[in-house]
Amino acid sequence: MSIIKFKGVTKRFSDGTVAFSNLSFEVDEGETILFTGPSGSGKTTVMRLLIGEYIPSQGEILFEEGPLNQIKHNRLHLHRRKIGVVFQDYKLIEELNVWENVALPLFIRGESQAVIEERVTDLLKLVELTDKALMFPRQLSGGESQRISIARALANSPKVIFADEPTGNLDQETGERIIHLLTKINELGTTLLLATHDPLIIKEVGAKKIDLSEFTQEKKEGSKPKKISIEDLVSEKSKNNQKEEKSNQEEEEEKREEGDKKEETKKDEPTEKEKDKESSKSEADSPSEKIIIKQADQQPKNNEKTSKIGSFFSKLLSKKPKKKEKPSKNPYKNNKQPSIEDLLPKDE
Ligand code: ADP
Ligand code: MG
């Protein structure tokens, strides 16, 4: 079954930049696809379109045979759970230790303490980092950080993993280990989309390849180098100071919300309170760590089982990071699974 379909997709940004035009491809469930092409060819844009962070300027994207543009803004977080994203720079949360970084998506989802403990234990075992559970990101090597970010991407059991230049910050040997881990995850059933411009990986991974540079002609032909004077820069800067500019992402979110509003009948329109709740939920699944922190502060309501872990995360996130924090005692010793009590700060 086809899990992803891009049908003649063009992405043009508001400043006129065209990431690619008329891009079509299909991914079958369980397949591995390599997106290749130099920096700027649109690899990250494919990922952002797929998670609904950007919307296509032309063409259509189908996920599990359903059009992405028909997913309502307040349902986007459910779609995003199906796609785990792995970033070049890991995007781990510095204030949380390894165990907590992997547990966070499950906590946001409102899983019970028992489910979280079991799943995090399994994921750390899969990426072979059980013994680093209580370490903080700054105490990990690049390869270890990337393995933790892979474990976190898998927390919600996504259908698809999009690894965006996962080896970009790693030496060759460590990079190969990461590719090996991703391939193993794919063999266990998760569809793998791998964006890379590393010729070694492109050569080694025997999968279907999509060279995005073949779809960027319009950008190359259309954009003549424009001279920018100091005066232009000064006037642009003062313009920016006068009005608070919307980020591209905000613009995209607004476009999607407008689309939703047009379609919705008055009858099923949510109350303002519901809207707030839903939109913060959908933000929580976006890859931005800032947004994840914001969401983690809000404890799931009416769920007694998660309240303990909820207050645990809230306490952690409200605490300022200590300068030189030593990892606490490792509860994994003697094969003991850490419980929330083990992880709670002892000085309170
Ligand atoms: P890659 O990941 O292959 O390096 P990207 O997808 O990041 O490429 O970018 C493709 C092109 O789209 C680049 O020219 C980039 O500058 C442009 N681009 C990406 N995101 C935006 C944005 N939010 N606003 C304007 N241009 C963008
Ligand atoms: Mg990129």
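On the other side of α4, which residues are exposed?

Guide: They are A114, D122 and K125. This is a predicted model, where local features need pLDDT of at least 70 and side-chain atom pairs count only at pLDDT 80 or more, while totals for chains, interfaces and linings use all residues. Residues are numbered from 1 along each chain as its sequence is written, and chains are lettered from A and ligands numbered from 1 in the order in which they are written.

Some terms come next. A residue is buried if 20 or more other C-beta atoms lie within 10 Å of its own, exposed if 12 or fewer, and partly exposed in between, with C-beta atoms placed from the backbone. Helices (H or I, at least four residues) and strands (E, at least two) are DSSP runs, numbered from the N terminus.

Now the buried face. In α4, the buried residues are I116, R119, V120, L123 and L124. They lie on the same side of α4, because they cover an arc of only 130° around the axis. That arc is taken from the directions from the helix axis to the C-beta atoms. An α-helix has 3.6 residues a turn, so residues three or four places apart point the same way.

The length of α4 also fits. Its 14 residues should span 20 Å at 1.5 Å a residue, and its end C-alpha atoms are 20 Å apart, so the two agree. The expected span is 1.5 Å times one less than the number of residues. Just after α4, E128 takes a positive phi of about 55°.

Next, a partner of α4. The buried residues of α5 pack against α4 (113–126), and also against β6 (83–86), α3, β7 (160–164) and α6 (172–187). Here, two residues are in contact if their C-beta atoms, placed from the backbone, lie within 7 Å. Helix α5 is mostly covered, with eleven of its 13 residues buried. Among them are I148, I150 and L154. The 13 residues of α5 (residues 142–154) should span 18 Å, and its end C-alpha atoms are 19 Å apart, which agrees.

Two of those partners are strands, β6 and β7. They belong to an open sheet of five strands in the order β6-β7-β8-β3-β9, with parallel pairing. Strands β6 and β9 (208–211) stand at the edges with a single partner strand each, so one side of each has no neighbour in the sheet. Two strands pair if DSSP finds at least two bridges between them. Strand β3 (residues 32–36) is joined to β9 by four bridges. T36 stands opposite D211 in β9. Helix α6 packs on the sheet too, touching β3, β7 and β8, and its direction makes about 155° with that of β8. Such angles run from 0 to 180 degrees between N-to-C directions, with axes fitted to C-alpha atoms, for helices over the stretch in contact.

Last, the core. A nonpolar core is a set of buried Ala, Val, Leu, Ile, Met, Phe, Trp, Tyr and Cys residues joined through C-beta atoms within 7 Å. The largest one has 68 residues, and I161 is one of those that touch the most other members. Helix α3 (residues 98–109) gives the largest share, eight residues. Leaving out residues up to four places away in sequence, I161 touches residues including A153, L182 and I185. Across the protein, 35% of the 348 residues count as buried.
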